[in-house]
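Hello,

Here is the structure for your files. My notes on what was found in it follow below the display.

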Amino acid sequence: TAPMFNLMFAKYNIFLILLLVLYTVHAISPPIPQRQALVDFYKATNGKDWVKSDNWGTDLPIDQWFGVKLDKDGFVIELELFDNNLMGPIPESFCIGLPKIQTLYFSFNSLTGHLPKSFTECKEIINMWVKGNQFEGNLPEDIGKLSKLEWMDVHFNNFGGSIPDSIASLKQLRIFRAENNKFNGTLPPNIFSLPKLSDLFLFNNDLSGEIPNISNNSAIRYLLLFNNNIKGKLPTNLSNLLDLRLHNNHITGSIPYTYGNSSSLVTLRLDNNLLQGKIPQSVATNQKFVDCDLSGNEVVGNCGLCLC
């Protein structure tokens, strides 16, 4: 009886292992198969007219489809399809079927419409490069759910509305480029509290309100907000800024003397605002400035190395 018992026990164990495998596969597999999500994307973006679409829609393994990269577990983590004549919207099934995607190279295409409502299901995304398309509408209000996002480049599109406050929850965000869109409203009040944000490019929009305070430990290095409708006074603390461009706004008040004492600032563009008062000597004589323009204001005094 012992051999019979051992055989039955072994079969039972195999049965349990099979159940565990099936459960695990079901648990980690996206609700929409990856292949289907890719095919949906191919069809929605006029895949037949892509510049390059090798093997897309065929029965070959998806890692042999042009621009598709998988991780060791077989999940799609990267799509490299920039400058490839993609035309049309990203379908709702995209992030539902590709929840492990980390990098989108979709720049310089003709993608249109709003980002899908399910876009924040791409919770593993690190790099979002969609510049130079024709997207419109708002960024998702819950974009702060993309907690691993480091680089968000959406410039040269037609995005509009306010920049969501939840963006201040993106603790890994280093670069946010959203210039040349139609964003309005104010900057998220806590945006400069992001510990890794170094580049903020929001010029050529319709932003208003005041510039939030910049904390002493801010990582911001490039702050480009020119050609908007920003009002209020200049931030007094520049932290480690290298490049400050605020020209063509409606900023009032005077120029802080701290701007001339900055050990890092090399570009200062404050031209065509509503600034008044005396130009601080520290600003006029700062030898580190490569580009300093204070013209088009009502400031007085020695311009020194700056344009007035």
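**Overall make-up**

The protein chain contains 5 helices and 19 strands. Please keep in mind that this is a predicted model. Of the 308 residues in the protein chain, 47% are buried. The accessible surface comes to about 15000 Å², and carbon and sulfur atoms account for 55% of that surface. Taking contacts between residues at least 6 apart in sequence, 43% of them join residues at least 24 apart.

**Strands**

An open sheet is built from 11 strands, with mixed pairing. Its order is E1-E2-E4-E6-E8-E10-E12-E14-E15-E16-E18. Strand E1 (68–70) and strand E18 (291–293) are the edge strands, each pairing on one side only. On average, neighbouring strands in this sheet are turned by 10° against each other, direction ignored.

One pairing inside this order can be followed at residue level. Strand E14 (residues 222–224) and strand E15 (residues 243–245) run parallel and are joined by 3 bridges. Within that pairing, Leu-224 stands opposite Arg-245 of E15.

Parallel pairing also links strands E9, E11 and E13. Strand E9 (residues 158–162) pairs with strand E11 (residues 182–185) in the parallel sense, over 3 bridges. There, Gly-161 has Phe-183 in E11 as its bridge partner. E11 also pairs in the parallel sense with strand E13 (residues 206–207), over 2 bridges. For Asn-184, the bridge partner in E13 is Asp-206.

**Disulfides**

How many disulfides are there? The count comes to 3. With bonded cysteines counted along the chain, the pattern is 1-2, 3-5, 4-6.

- Cys-95 and Cys-122: the sulfur atoms of this disulfide are 1.9 Å apart. The torsion about the S-S bond is about -95°, so the disulfide is left-handed. Cys-95 lies in helix H3 (residues 93–97), and Cys-122 in the loop between strand E5 (110–113) and strand E6 (127–129), so the pair ties together parts that are 27 residues apart in sequence. Both ends are buried: Cys-95 has a relative accessible area of 1%, and Cys-122 has 0%.

- Cys-292 and Cys-306: this disulfide has an S to S distance of 2.1 Å. The pair links distant parts of the chain, 14 residues apart, with Cys-292 in strand E18 and Cys-306 in the segment after strand E19 (298–300). A torsion of about 85° about the S-S bond of Cys-292 and Cys-306 makes the disulfide right-handed. Cys-292 counts as buried at 5% relative accessibility, and Cys-306 also counts as buried, at 6%.

- Cys-303 and Cys-308: here the S to S distance is 2.0 Å. The torsion about the S-S bond is about -130°, so the disulfide is left-handed.

Cys-303 is at 22% relative accessibility and counts as partly exposed. Cys-308 is partly exposed too, with a relative accessible area of 47%.

Strand E18, an edge strand of the 11-strand sheet, holds Cys-292, and Cys-292 is joined by a disulfide to Cys-306.

Regards

Notes: Residues numbered from 1 in each chain as written. Predicted model: local features only at pLDDT ≥ 70, side-chain atom pairs only at ≥ 80, totals over all residues. Heavy atoms only, no water. Pairing = 2+ DSSP bridges. Helix = DSSP H or I, 4+ residues; strand = E, 2+ residues; numbered from the N terminus. Buried < 20%, exposed > 50% of the residue type's maximum accessible area, 1.4 Å probe, protein only. Contact = heavy atoms within 4.5 Å. Areas by Shrake-Rupley, 256 points an atom, 1.4 Å probe, with all protein chains shown as cover. Axes fitted to C-alpha atoms, helices over the stretch in contact; angles between N-to-C directions. Disulfide = S-S within 2.5 Å.
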